[in-house]
Structure formats: structure tokens, C-alpha cells
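Please have the sequence and the structure at hand while reading.

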Amino acid sequence: MLSLENVHVSYGPIKAIKGISLQIDEGEMVALIGANGAGKSTTLKAIAGIEPIESGEIRFNGQNISNLPYNKTSNLGITLVPEGRQLFPDMTVKENLEMGYKKSRKGACLLELLEKVYEYFPDVYTKRNELASSLSGGQQQMVAIGRGIMSEPKLLMFDEPSLGLSPVLVQNVVKIIRTLHEKGHSILLVEQNANMALKIANRGYVLEMGRIVLEDQAHSLLKNEEIKAAYLGL
Ligand code: ATP
């Protein structure tokens, strides 16, 4: 479904990604783990078309999408739930959700999708007419995921969805991501919480200083001694 071949991304003189190759098959959940600054967010932004790639190739369902802007990649079915939620604080929860809706795409109508999101997140329904800025961090994360669902994505990419959440809310997020996966969405999950990510993913890639240093089934990575020491705090 998605493949990256030798992708490079730089911010001026800073080489953030140095030749990444990875792939995600239809229906798979893949985790991308790594320390701060390893290049995880940059990888997601490059796929989405938010950061330009210098070289290499990104393909989605057979189409070369390298450097296609986000409004085009999202029309093809790629959605990024960004780190830090990035909601519009002065808009209501419902208005934020509506921002994810793509009129131009064939599929469910706006109301059907809103109902789907409210089914996933009853709390979001309760708060639908309140300003996004008035919500707690956990509620904002639910709205950000809900906004992603509104675009009916084929590939959902999550950037640190558990960041700053209490253990109970992390479990909530895990449940939602699992459900979305079961419903057929392919998922690319970026997490510093490697333990959580590898427990729910099918496969994982380990990123260090802009390079992929390891790739394996998620359950094998969980048992890998180097991974345990470096990323699982064991
Ligand atoms: P984090 O978990 O801290 O977000 P990450 O693995 O997602 O880390 P990136 O955010 O992709 O890493 O950053 C990769 C490298 O690129 C780092 O060295 C970072 O400092 C640098 N970088 C990221 N964004 C920018 C930017 N807008 N301008 C300059 N350098 C950047």
C-alpha cells in the first residue's frame, strides 16, 4: 500500500532522514519507534507531503506521491493525526471535526461521519459545542483522532498519540487505535512509548539518527534484548 525507497529529508544543513526505506501492506499496523530527534515526525510529514523530500521515492497504492502536497495526499486517503493535536482553539469541537471532512471525496456524508466519531467518543459528543481550547489534553486527543476519522482515511498516521496522557487515557487511545485497525484502516504509529506501540502493531521499524537500524515483527522486537535496553526501559 505504502512504500518509501531511500528517502532523504533535510532542514537546511540538518539531515533529518538519511535514506529511509519502509513499507506498509494493506490492513497492517506498523510502529515506528526511536528516541527524540530520530526523525519519526519528519518521516510522517514527508509521507503526508508536509515536508519536501530531497531524494528517494514514496509510493501509495501504485502511485508516486513524492512531494505531493497534503491536500492531494489526503484526497488519496492519507491522514496524519499530528503530535500536539493541533486543533483550532477558537473553534468548537464540532467545527474542528468538520475541518477533517472532505466534501470532494465520495463516501459517507458529513452527518454520518460526525455520528461515527460521536459513537467512538461519547465525551466528544457531550462537548461538541464547546471551544476546543476548553478541553483537557485527553479530550483534545480524541477530537484530533476524530478529525482524522472524518476524512475516511485508508492510511492513518499517528504522531505520538499517547504523549502527555495519563495511563488511563493512554489505554483509551490504544483501544481506539486497535478498533480502527480492526475496521480495516492501515496504520502507521509513531510512538516514544515503544512498549505500547509494539504491543498493538504487527511490525515495527527502529529509527536512529535518521536511519532505520532494525525491522521485525512487533512481538520479536519486544523480546529483542537491545530494544528492551534502549527503548523499553528494561
Ligand atoms: P520527537 O519525538 O522529538 O518529535 P522525532 O524522532 O520525531 O523526535 P524529528 O522531529 O523528525 O524527530 O526531528 C529529526 C531531526 O530534525 C532532529 O534533529 C530535529 O532537531 C530536526 N528538525 C525537526 N524539525 C525541524 C525544523 N522544523 N527545523 C530544523 N530542524 C528540525
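The account below covers the sheet, a helix pair and one proline.

The model is predicted, so local features need pLDDT of at least 70 and side-chain atom pairs count only at pLDDT 80 or more, while totals for chains, interfaces and linings use all residues. Residues are numbered from 1 along each chain as its sequence is written, and side-chain values use heavy atoms, without hydrogens and water.

Helices (DSSP H or I, at least four residues) and strands (E, at least two) are numbered from the N terminus. Elements discussed here include the following.

| Element | Residues |
|---|---|
| Strand 4 | 55-60 |
| Helix 4 | 110-120 |
| Helix 6 | 137-150 |
| Helix 7 | 167-182 |

An open sheet is formed by four strands in the order 2-1-4-5, with antiparallel pairing; strands pair if DSSP finds at least two bridges between them. Strand 2 and strand 5 are at the edges with a single partner strand each, so one side of each lacks a neighbour in the sheet. Strands 4 and 5 are joined by two bridges, and Phe 60 lies opposite Gln 63.

The axes of helices 4 and 6 (lines fitted to C-alpha atoms over the stretch in contact, with angles from 0 to 180 degrees between N-to-C directions) come within 9 Å and cross at roughly 145°. Contact (heavy atoms within 4.5 Å) involves residues including Leu 113 and Val 117 of helix 4 and Ile 149 of helix 6.

Pro 167 belongs to helix 7.
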